[in-house]
Amino acid sequence: MRTLLITGPGGSGRTTVAAATALRAAGDGTRTLLLGADRTDTLGAALGATTGPAPLPVSSHLSVWRPDAVAGFRDDLAAFQERAAGVLDLLGASRLDAEEVTPLPGAEELTLLRALRDAALSERFDLLVVDLPPAPQALALLALPEELRRYLRRLLPPERQAARALRPVLGRLAGVPMPAEWLYDTAARWDTELAAVTAVLADRHTAVRLVAEPGPAGADAVREAVLGLALRGLRPDVLVANRVVPEDWPAGLVAQQRKALEEWRESYDVRQVPHLGRDPRGTDDLTALSVPGVNGTTSTVEWPVVDRLAEDGVLVWHIPLPGAARDDLDLIRRGDELLVTAGPFRRIVALPSALRRCTVSGAGLRDGELRIRFTPDPGLWPDRA
């Protein structure tokens, strides 16, 4: 299955473009699932059909799905209460009924990620088109699986599960209760689910597509979104310039859009979608938009380590960060991890195995690429003589 993740600045028409893209693919005979995350039925409004918590066929090859975050959160909470029954009874805690549960912040994001995983693993469809939230929230969503897995591994290290038989003894020796087995089992299950989502996002058949309206605000939003994607090791397959006005519209607006389009074409594969003169509604309007089809490119970007030991005595890690500013970059080495900050974005990445035996000797930003130099530690590096 191919997966196409679509996002863009708020108000850019990303939901409409996502619906039109899915409709075009289905029209070509591709079994397509359109997945949305909005609380309100924006996808249904664009398609002229009501969507809900189960995939709904809207044509012979197109289904639409808007998962219910409330129901998903209730199910998770009920399962948690069942697993933690002994602890809750010990504490004298009162159980929560399903009717009084409202989803906490983050429940919608987790519901969408779980739906994305389930849809990608399904054999019912050939293409998954995901209408992501606006770009800032979408970038946080894409980072969530990796960050949650890191938190889980720090709080409940998997290697400690090997001592299951010793936990009662250790608890008596330490004088404090040890984590129950169900807690480790739950953490392992969550880690497996998050790993599956991470695999979908990093798959070579997954692409990210940006939608923006050409103009100063759109240009700023695209620049920031591209930098945020780059820090996740991703890049947009195409940039959809939405609502491009015809030449006979007001001259100021036309000139503003033309300037943005010229600048975008220098860096991105730009595809223009014309302004219809009205808000698109229904399949006829969506077909008239002439959105770009799904190509075979991927959004994953390699971060290669270049061996320059013979020439300069260093290994150089190349990290593409288009649009990054030197003053907004920061690097911190923590053991076998590197904390990279680029503008408003931050990511903690594990060092490749060869670099773990090195010390950081310098870094520089050149042509939109961060190059970090590592010098082998003589005490850890094999004898190269």
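Analyst: Helix H6 (135-155), helix H8 (181-202) and strand E13 (345-350) each give at least two residues to the lining of the second largest pocket. Helices (H or I, at least four residues) and strands (E, at least two) are DSSP runs, numbered from the N terminus. This is a predicted model, in which local features need pLDDT of at least 70 and side-chain atom pairs count only at pLDDT 80 or more, while totals for chains, interfaces and linings use all residues. Residues are numbered from 1 along each chain as its sequence is written, and side-chain values use heavy atoms, with hydrogens and water left out.

H6 supplies the largest share of that lining, seven residues. In total 22 residues line the second largest pocket, and Glu146, Thr198, Arg232, Arg347 and Val349 lie nearest its centre. By class, the lining has ten nonpolar, three polar and nine charged residues; Ala, Val, Leu, Ile, Met, Phe, Trp, Tyr, Cys and Pro count as nonpolar, Asp, Glu, Lys and Arg as charged, and the others, Gly among them, as polar. The volume of the second largest pocket is about 770 Å³. A pocket here is an open set of points on a 1 Å grid over the protein atoms alone, where a 1.4 Å probe fits, with protein on both sides within 12 Å along at least five of seven lines; lining residues have an atom within 4 Å of a point. Points are joined across faces, edges and corners, and a volume is the space filled by probe spheres set on them.

Now the rest of the fold. The protein has twelve helices and 15 strands, and buried residues (under 20% relative accessible area, 1.4 Å probe, protein chains only) make up 42% of its 385 residues. The largest nonpolar core has 61 residues, and Leu5, Leu35, Leu116, Val130, Trp264, Trp317 and Leu321 have the most contacts inside it. Such a core is a set of buried Ala, Val, Leu, Ile, Met, Phe, Trp, Tyr and Cys residues joined through side-chain atoms within 4.5 Å. Helix H9 (residues 216-231) contributes the largest share of this core, eight residues. A second, separate core of 26 residues includes Leu43, Val64, Val238 and Val291.

Leaving out residues up to four places away in sequence, Trp264 touches, among others, Pro214, Val222, Leu239 and Val270, where contact means heavy atoms within 4.5 Å. Of the contacts between residues at least 6 apart in sequence, 68% join residues at least 24 apart.

Definitions and conventions. Buried < 20%, exposed > 50% of the residue type's maximum accessible area, 1.4 Å probe, protein only.
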